[in-house]
Amino acid sequence: MSYRYGEYREGPDPLAPPYDVRSALDQMGDAVLAGANPAHALRDLLKQGLPGAGDRRGLDDLLREVRRRRRELRDRGRLDGTLERARALLDKAIGQERAELFPDPSDEARLREAELDGLPSDTASAIQELSDYQWRSAAARQTFEELRDLLRREVLDSQFRGMREALANPDPAAMERVGQMMSALNDMLDRDARGEHTQEDFDAFMSKYGDMFPEAPRNLEELVDILARRAAATQRLMASLTPRQREELNQLINQTLDQAGLGEQMRRLGESLHSRRPDLAWNTPERLSGEEPLEMGDAVSALEELADLTRLEAALRQDYPGARLDDIDEAAIRRALGRSAVDDLDALRRIERELERQGYLRRQRGRLELTPKAVRRLGETALRRVFASLDAGRRGDHDQVDAGAAGELTGSSRPWRFGDEQPIDVVRTVVNGVRRGGSGGTVTLTVDDFEVAETERRTAAAVCLLVDLSYSMALRGTWAAAKQTAMALQALVASKFPQDSVQIIGFSNYARVLQPDELAGLEWDMVQGTNLHHALLIAGRHLDRHPDFEPVVLVVTDGEPTAHLRRNGSAAFEWPPTRETLDLTLAEVDKMTRRRATLNVFMLADDERLKDFVNEVARRNGGRVFSSSADRLGEYVVSDFLRTRRRR
């Protein structure tokens, strides 16, 4: 049999390495450890773009480009260019006619001059009255026809992009074909409304009239989107003019369409487009501040692009609930900023998609959350930061080679038992096999030959970390440090002391147990109250569930207790704190003392009332009090925990 090898063409390369999103996760982690929630961290990452990703732009870069383009369009010109040019051509035609009539002394010439003198002041009405006028001057007749051609081209171009060029030299056959196209288009839209339209119908329509649509839509929905956006821009043009300009231009449009036999078809098309895309800003006025007058087709194109940019700007900001990159219209990005911007958006979408696909992010009930896999990585990052700040010369226990070992090696070994995680003593195992099988031939090992290296016995600890979540933590700027410390301690216990049982408890007006995968998305509570009483109650239950474990209790707070739990389960809050709150909290401290649990308190505020309270806690319990700055909180907590574990 012969084989041929070549490029894999059945989809993505199954052997390609997975997309590396670790740097993206680490950048998100910096924001999470600084106190942000995962949704805000991801939004900031996508806004800034990923460092080291070449020239790929973030959402903020694309947003700046959109805003620059909007400024350019607003400075491009005025919206009344067609009215101004129409008035100029009308005045020119009247002037040429007067020049022809002036040398003629006949009464007919005077009557014609009187008729010209009596023309209405507004352009539309004047053009309407002159539609049946018999021009004496050939030049004036030509100028007036030029005016009517201009209006016909501009009106149609305002509805169908590129129609102005197609009708540069109009003839009756061309206008008849436009009418046939509009009739066929309206019929196709009616069939679609009844559910009778097929793709074959659209293909037949485009094969006949596709040259009138330079955008080359692929189906009816794309064609409707193109026409509706342009029709809405025309309506915005009308809304942006002064009432007098709006009335004149509206009359010119209606006259032009009726004279061309397209009035009824255009009104029918407008109603269909509006019903299909009512979400477009049909009557929202815009202001252009340029000096150059724009013709109607160019003005509509500018307003159409401005509407695209407005919607695009809102999508790129991503500042609304449930915002996702999929909300950004790729076609609008391509129209506004070009192909390179589409590639930048695809790169950002891939980051978001891969973070979810590789199990770092998940969406639960519309909220973005970090998975346990991501939380473990962020916890390790927080732990590395803490250890980086510890004294380099201090003997530490944080280098972990084998998390399965229970302690230091004793130098002895014992027979292997099912479930053992200690390292295999290879030398003794092979020696047992040789002794059993003799000195010659191949050595065959059995289960009974295996021995494991003995380790020192290490006691397990029940660890409780009580973290203040009250509003004051955010006001003082200490919340991010407390969050990072909780994640670092969780990671330390999980990696270095897997036999320990750790529980992290957050408390504000109430207290609650915080799960490990909840820490990354944790936010402070916008409520008043520091209910340490409730937190100590929960911590006591955790210690009671592990009576044979060494109890370790750590409290991180920036204020004295101001709330306690009533008998009916409700929280009582008072400031300054009542005697009842302090007595109930200190009673729980006394219970911790009877459990032999040392309670160490880490103060994040230099408050006299807090000092008095924690000193009383230390007197009753025998624990220690740390007055730590926010930037050294993690170092203090982890160092104290390690010191306690070494002593145990």
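**Exercise 1.** How many residues apart are D225 and R229 in helix α11, and about how many helical turns separate them? Describe also the contact between their side chains and the accessibility of D225 and of R229.

*Solution.* The model is predicted.
Step 1: D225 and R229 are 4 residues apart in helix α11, so about one helical turn separates them.
Step 2: Their side chains meet in a salt bridge, with 3.2 Å from N to O.
Step 3: Buried means under 20% relative accessible area. R229, at 8% relative accessibility, therefore counts as buried, while D225, with a relative accessible area of 23%, is partly exposed.

**Exercise 2.** Describe the salt bridge between R110 and E113 and the one between E313 and R317, with the helix of each pair.

*Solution.*
Step 1: R110 and E113 both lie in helix α5 (residues 107-117), 3 residues apart, about one turn of the helix. Their side chains form a salt bridge of 2.9 Å, N to O.
Step 2: R110 is partly exposed at 32% relative accessibility, whereas E113 is buried with a relative accessible area of 16%.
Step 3: E313 and R317 both belong to helix α14, 4 residues apart, about one turn of the helix. The salt bridge between their side chains is 3.6 Å, N to O.
Step 4: E313 is buried, with a relative accessible area of 9%, and R317 is partly exposed at 30% relative accessibility.
Step 5: Salt bridges that share partners join D225, R229, R277, D279, D308, R311 and R335 into one network. In the whole structure, 37 salt bridges are found.

**Exercise 3.** Classify the aromatic pair of Y133 and W135 and that of F205 and Y209.

*Solution.*
Step 1: The structure holds 4 aromatic pairs. One of them joins Y133 and W135, with 4.8 Å centre to centre and 80° between the planes. Planes over 60 degrees apart count as edge-to-face, and the pair of Y133 and W135 is edge-to-face.
Step 2: F205 and Y209 form a tilted pair, with 5.4 Å centre to centre and 50° between the planes.
Step 3: F205 and Y209 are 4 residues apart in helix α10 (residues 199-209), so they are separated by about one helical turn.
Step 4: Both Y133 and W135 are buried. F205 is buried with a relative accessible area of 6%, and Y209 is buried at 5% relative accessibility.
Step 5: Y133 and W135 also form one aromatic cluster with F144.

**Exercise 4.** Which residues of helix α15 are buried, and against which helices do they pack?

*Solution.*
Step 1: In helix α15 (residues 330-337), the buried residues are A332, I333, A336 and L337.
Step 2: These residues cover an arc of only 100° around the axis, so they lie on the same side of α15.
Step 3: The buried residues of α15 pack against α3 (59-74), α14 (296-317) and α16 (339-357).

**Exercise 5.** Locate the cis peptide bond between W575 and P576, and state where A216 and R596 lie.

*Solution.*
Step 1: The cis peptide bond that joins W575 and P576 has an omega of about -5°. P576 is in the loop between β10 (571-573) and α22 (579-594).
Step 2: A216, a residue other than glycine, has a positive phi near 55°. A216 is in the loop between α10 and α11 (220-240).
Step 3: R596 is not a glycine, yet its phi is positive, about 65°. R596 is in the loop between α22 and β11 (598-603), and counts as exposed at 54% relative accessibility.

Note on methods: Residues are numbered from 1 along each chain as its sequence is written. This is a predicted model: local features need pLDDT of at least 70, side-chain atom pairs count only at pLDDT 80 or more; totals for chains, interfaces and linings use all residues. Side-chain values use heavy atoms; hydrogens and water are left out. Rings of Phe, Tyr and Trp (its six-membered ring) pair if their centres lie within 6.5 Å; planes under 30 degrees apart count as stacked, over 60 as edge-to-face and the rest as tilted. Buried means under 20% relative accessible area, exposed over 50%, partly exposed in between (1.4 Å probe, protein chains only). Helices (H or I, at least four residues) and strands (E, at least two) are DSSP runs, numbered from the N terminus. The arc is that of the directions from the helix axis to the C-beta atoms. Contact means heavy atoms within 4.5 Å. A salt bridge is a side-chain nitrogen of Lys or Arg within 4 Å of a carboxyl oxygen of Asp or Glu.
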